[in-house]
Amino acid sequence: MNKSSKTLYSIKQFVGGLRKNGTAWYWTTQALDPSSHIPDIKLTSVCAFLRVKEEPRKLVIVKNERGYDVPGGHIENDESPVAALQREIKEEASAILDSPTPCWILCSNYNPKQTTGIIFFKSYCTLNNFEATHEISERTVLLSEEFLDCYHGNRELMQHLLSNAELPF
């Protein structure tokens, strides 16, 4: 990525919601490239923008109890972010990753005493046979626009994250 394209993904803030005391908390996005330093914050979760080589313009999406989302989950105490990602992608999407690359850190200031974060990766993957579980009822492959139409969360935030989720064909 050249220097001019890095400015397209500058740090941006999105309202996350309200704390119990009524004050707002925020998500802050920070784009990453392979040479980026991962900020020294408590990473709690991993997610991935997955693509299959046969349909590189489409994303692998899962449906959980909240609705359609990118696959991911919590990092266990003894796991690295990449190990957690591999485990979660296998569990949720029945997929095997091919060289995951970090693309975003999504930081939360919900807890004013400690900033926490979610690290997003982008990767091609190989899809295995999928069987629904109690956590994931469906796996599908959609264009980004189709995913945004059915995404359960903050669409503006997800659209921003998708801006740095492309992979070379």
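User: Before we start, what are the ground rules on numbering and confidence?
Analyst: Residues are numbered from 1 along each chain as its sequence is written, and side-chain values use heavy atoms, with hydrogens and water left out. The model is predicted, so to speak: local features need pLDDT of at least 70, side-chain atom pairs count only at pLDDT 80 or more, and totals for chains, interfaces and linings use all residues.

User: Okay, why is E3 called largely enclosed?
Analyst: Nine of the 11 residues of E3 (residues 42–52) are buried, so the rest of the structure largely encloses that strand. Buried is under 20% relative accessible area, with exposed over 50% and partly exposed in between (1.4 Å probe, protein chains only). Strands are DSSP E runs of at least two residues, helices H or I runs of at least four, numbered from the N terminus.

User: Which way does E3 pair with E8?
Analyst: Parallel, over nine bridges, with E8 covering residues 116–127. Pairing takes at least two DSSP bridges between the strands. Arg-51 has Tyr-124 as its bridge partner in E8.

User: And how many bridges to E4?
Analyst: Two, antiparallel. Val-52 partners Glu-55 there, and the two strands form a hairpin with two residues between them.

User: Switching to H2, which residues are buried?
Analyst: Ala-84, Leu-85, Glu-88, Ile-89, Glu-92 and Ala-93. They cover an arc of only 125° around the axis (from the directions of the C-beta atoms), which puts them on the same side of H2.

User: What covers them?
Analyst: The cover includes E3, E4, E6, E7, E8 and E9, where contact means heavy atoms within 4.5 Å.
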